[in-house]
Amino acid sequence: MEKPSQPPRGLSIGELARRSGVAVSALHFYEAKGLIASNRNAGNQRRYSRETLRRVAVIKMAQRVGIPLAEIAGALSELPQGRNPTAADWAVLSARWREDLDQRIAKLQMLRDQLDGCIGCGCLSLEACPLRNPGDQRAAEGPGAHWWAPD
Ligand code: FES
């Protein structure tokens, strides 16, 4: 007698961790932040679809290039019906995140160049130091001392 077909079993959290190379604690964190989702089996244990492996890979790669988790979550939430990213989705996301990376590199290069001007200076001047007063923003706030906070 033939057995009735079983629904796909799904991956336990341990299997997902082992196959993705991501710690169980990180997977719990991703789930708490809405980056991945699970279903409960009859024993009330979490089960993840096999496609979650692809989603976790995208999350890790995006994190590796410094994309904030909130932005990753936003990008993944734009996928139709919460589906896991396809190769075409990854092509779009990676192109978008490359632009982000380019912008961050340009900003870091500018900051490095400004820091070069501080080396051996020591003035820490609100008027003269481009790192203390980027773009002379404090001039618009009027004379006197102003709070300073990095962007
Ligand atoms: S500390 Fe003098 S220019 Fe920055």
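Leucine 124 is exposed, with a relative accessible area of 58%; here exposed means over 50%, buried means under 20%, and partly exposed is anything in between (1.4 Å probe, protein chains only). The leucine sits in the segment after H5, and its phi is near 50°, a positive value in a residue other than glycine. This is a predicted model, in which local features need pLDDT of at least 70 and side-chain atom pairs count only at pLDDT 80 or more, while totals for chains, interfaces and linings use all residues. Residues are numbered from 1 along each chain as its sequence is written, and side-chain values use heavy atoms, with hydrogens and water left out.

Asparagine 44 also has a positive phi, about 65°, although it is not a glycine. It is found in the loop between strand S1 (39-40) and S2, and at 51% relative accessibility asparagine 44 counts as exposed.

Now for the overall layout. The protein has five helices and two strands, where helices (H or I, at least four residues) and strands (E, at least two) are DSSP runs, numbered from the N terminus. Walking along the sequence gives the pattern α-α-β-β-α-α-α. Of the 151 residues in the protein, 28% are buried. Take the contacts (heavy atoms within 4.5 Å) between residues at least 6 apart in sequence: 44% of them join residues at least 24 apart.

Helix H1 (residues 13-20) gives a local view of burial. Its buried residues are Ile13, Glu15, Leu16 and Ala17. What lies over them? The cover for the buried residues of H1 includes H2, S2 and helix H3 (52-64).

The crossing of H4 and H5 is right-handed, a label used if the near helix is turned clockwise from the far one by less than a right angle, with left-handed used if anticlockwise. On the H4 side, the residues that meet H5 are Glu71, Ile72, Ala75 and Leu76. Their partners in H5 are Leu93, Arg96, Trp97 and Asp100.

Next come the charged pairs. Side chains of opposite charge can pair when their charged atoms come close. The structure holds six salt bridges, each being a side-chain nitrogen of Lys or Arg within 4 Å of a carboxyl oxygen of Asp or Glu. One of them joins the side chains of glutamate 31 and arginine 46 (3.2 Å, N to O). Since glutamate 31 lies in helix H2 (residues 24-32) and arginine 46 in strand S2 (residues 46-47), the pair ties together parts that are 15 residues apart in sequence. Glutamate 31 is buried, at 19% relative accessible area, whereas arginine 46 is partly exposed, at 27%.

Aspartate 102 and arginine 98 meet through their side chains (2.8 Å, N to O). Both of these residues lie in helix H5 (residues 87-118), four residues apart, about one turn of the helix. How open to the surroundings are the two partners? Aspartate 102 is partly exposed, with a relative accessible area of 38%, and arginine 98 is exposed, with 54%.

Aspartate 113 and arginine 112 make a salt bridge as well, with their closest N and O atoms 3.2 Å apart. In this pair, aspartate 113 is partly exposed at a relative accessible area of 45%, and arginine 112 is partly exposed at 47%.

Finally, the cysteines. How many disulfides does the structure hold? The count is zero, a disulfide being a pair of cysteine sulfur atoms within 2.5 Å. Cysteine 118 counts as partly exposed at 22% relative accessibility, while cysteine 129, at 6%, counts as buried.
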